[in-house]
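Dear colleague,

I am passing on the structure we spoke about, together with some notes on its helices and a few single residues. Please look it over with the notes beside you.

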Amino acid sequence: MDLPAQLLVAIAALVMIMLLAVAAQRLLDVRFGMARTFLAALLAFGLAQPVLTPILSVIGPMNSVQPPPDAAALGLFLLAIMCVVLIPMVILVLAEALVPPGSIPGPLELVRSLRGRLSRARRYSQITRIAIRHGLGPYLRGRGERLEDRSGKLRLARSLREALDDGGVTFVKLGQVLSTRRDLLPAEFVDELGRLQDQVAPAPWEQIEPVLTGELGGPVEEVFAEFGREPLAAASIGQVHTARLHSGESVVVKVQRPGIGGVVGKDLDIVRRLAATLESRTRWGRSLGLRDLAEGFAAAIREELDFRVEAANMAAVAISGGGVTYPAPVTAMCTERVLVMQRLDGTPIARAATLAGNGASGGPVPGAAGTAPKPPAGTTAGTTMGAASESHDGDDGARLARDLLDCLLKQILVEGVFHADPHPGNLLLLEDGTLGLLDFGSVGRLDSSVRSALQRFLLAMNRQDPMGVTDALLEVVPRPEDIDEAALERALGQFMARHVAPGMDSVQMFTDLFKIVSAYGLSIPPEVAAVFRALATLEGTLVRLSPGFNLIGEARAFAGRYLAEQVTPETVRETVTHELAALLPMLRRLPRRVERIASAAEHDRFGMNVRLLADERDRRYLTGLLHQVLLTVLGATAGVMAVILLGADGGPMVLASTSLFQLIGYNLLVISAILVLRVLAVIFRRPRSTDDHHSYPSGSHGR
């Protein structure tokens, strides 16, 4: 065969393959990928002759002397065409069932996936070695012993903390987040994980300088008048240096450690995959919603890696004021990896308490947001610590503690943006006797509905009203379908009788509250858990400021003052005015509508018209469902008729061994297969949203 003939045959074969692909996809009424459809048609083209030969031989050989009638020839032609088209349909449906779209990556995705798998494998190996080194190996295999005694739980909790500490920044942050979930973990684990420290050796200047130059757009010597190359403190995400601007203002500069983004990205990927696996394979994972918890944790870590978010947090939290000083960010110099802020000179609360208790004096320690400050080299005794120590004694300590508590409660209940980690290392005792608050990388946010529910919760606790506490709690947490509210109310009443009294341990109070929440199947949202964790952390800070400080009593006093502020004549008048302004348009229309309804009822013309399936999406869903049912019925009917006709005796013989009834039966059998394949293709195709039609209820209209 010469070349032109070969080209002609190739073009004809290509056209046949394309026609097969179009016909198969059109009959299945499901959109497939071009590559998948073309491969199915190509395979069908190659299998056409091997498949058709035995089928036609079963029907019977044709009479070479007398050609078959026109009806028989047409039936054989249609049968052959439908059999050929049926082959790619079968291939596509089987591929849809066995290899759904997206389950096999493309070449580029495969290469990237392979790289990711190798990288994760190395990281998995490191994590596994760390876990085994700390005695957690049996628990990774699900064979760890069940510990009932407190000493065993303490040992396991200590091993877990040490393993997370060795795992790096992501796992340290994960442990710190887990320490807020008293509803999920035993108290021994919560207390031990709360000791995790986020401090590492500082990165050398040779690695930090390129980050500063690249982010600030010029050499450090040109951007700053002075810059201290020796860091004040270092954490796993960044480290802090002192500097002075050309304007003369003293600032601190927080710089992100080089390469931390890639390490955190790998660890977050591992955490997400582990959470997804546990949620799909374990009942407790599904009940806790581990995938959502992991996504929330990943979002929080990504925010901490963007220092522009921390600068915005500083500005948002500073609105609350309340006798606490906040470092102001130098917005023009803040970037994703560099944060420049006002320098606060003071002494960390822990060190100030120690020095004051010993009667010693010391120099001020410059503080930087995001770190636990340390004394700079060359600090000597007898400088300016005296005033700070004096302000820390006696009644001033109680005043500072009260100011700090009021500040945080105002952030939580009024502003909705609060400092989520107020431990002593993030607080400075300034030279003027006030407090300075640092480290805004961990900030919680509450919407107005959650703030209102928390306000009602605190006010009901102040009144010791179990019903009010129950109602407010069920507004804060997702309400389960079946919950015994009366039993929950009694449990909360007993809880308040035990804990809402002067001198009670607030940490134990939070622990018992979380036990009640867990016992009744409630799940505390992460943002609300951060509130309780901040308050529990705050108590240790308040005790440092004023030993014996009563957190519960002062919080109740704040609730009383807040309630008094909310019920002044001015606020009541303003609230009533706003509500009436919102209701006035409806009140104007109400008499006319009532009169119209009464008139219609008086004259027997009152009726109601409810339009089912008013939404187009509902009609489309129902139409598709009826379509599938109809196709199933037609396919089954065609199959039954085909079986009956194939088994029937008699009828005119159109071929040597096949009657007209049997030929029609063969065609009906293929038609039945096509209809059934069309239904199966829709069933096997994974819907993008299985409950779209539930999200849009049918419209109803009345008159």
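Predicted model: local features only at pLDDT ≥ 70, side-chain atom pairs only at ≥ 80, totals over all residues.

Why does the distance between the end C-alpha atoms of helix α14 agree with what its residues should span? Helix α14 covers residues 307–318, and at 1.5 Å a residue its 12 residues should span 16 Å, which agrees with the 17 Å between its end C-alpha atoms; the expected span is 1.5 Å times one less than the number of residues, and helices (H or I, at least four residues) and strands (E, at least two) are DSSP runs numbered from the N terminus.

Residues are numbered from 1 along each chain as its sequence is written, and side-chain values use heavy atoms, with hydrogens and water left out.

To stay with α14, its residues Phe307, Glu310, Ala311, Asn313, Met314 and Val317 are buried, a term that means under 20% relative accessible area, with exposed meaning over 50% and partly exposed in between (1.4 Å probe, protein chains only). Seen down the axis of α14, these buried residues fall within an arc of 155°, so they line one face of the helix; the arc is that of the directions from the helix axis to the C-beta atoms.

Helix α9 (residues 205–216) also has 12 residues, and from its first C-alpha to its last it reaches 16 Å, close to the 16 Å expected at 1.5 Å a residue. Its buried residues are Trp205, Ile208, Val211, Leu212 and Leu216, and because they fall within an arc of 125° when seen down the axis of α9, they line one face of the helix. On the other side of α9, Glu206, Pro210 and Gly214 are exposed. The cover over the buried residues of α9 includes α10 (220–223), β1 (226–227), β3 (238–244), β4 (250–256) and β6 (338–342), where contact means heavy atoms within 4.5 Å. Leu216 itself, leaving aside neighbours within four places in sequence, is in contact with Val223, Phe224, Met333 and Val338, and its C-alpha atom is separated by 9.6 Å from that of Arg337, 121 residues apart along the chain. Just after α9, Gly217 takes a positive phi of about 80°.

Helix α11 (residues 260–281) and helix α13 (residues 290–305) pack at an angle of about 170°, with their axes 8 Å apart; axes are lines fitted to C-alpha atoms, for helices over the stretch in contact, and angles run from 0 to 180 degrees between N-to-C directions. That makes α11 roughly antiparallel to α13, a label given to angles over 145 degrees. Among the residues that make the contact are Ile260, Val264 and Leu268 of α11 and Phe297, Ala298 and Ile301 of α13.

Two glutamates may also interest you. Glu96 lies in helix α3 (residues 70–98) and counts as buried at 1% relative accessibility; Glu96 and Leu680 are 584 residues apart in sequence and 9.3 Å apart in space, C-alpha to C-alpha. Glu188, found in helix α8 (residues 187–193), counts as buried at 12% relative accessibility, and it touches Arg150, Lys153, Leu154 and Ala157, not counting residues up to four places away in sequence.

For the protein chain as a whole, there are 26 helices and 12 strands, and buried residues make up 41% of its 703 residues.

Note on methods:
Parallel < 35°, antiparallel > 145°, perpendicular 65-115°, else oblique.
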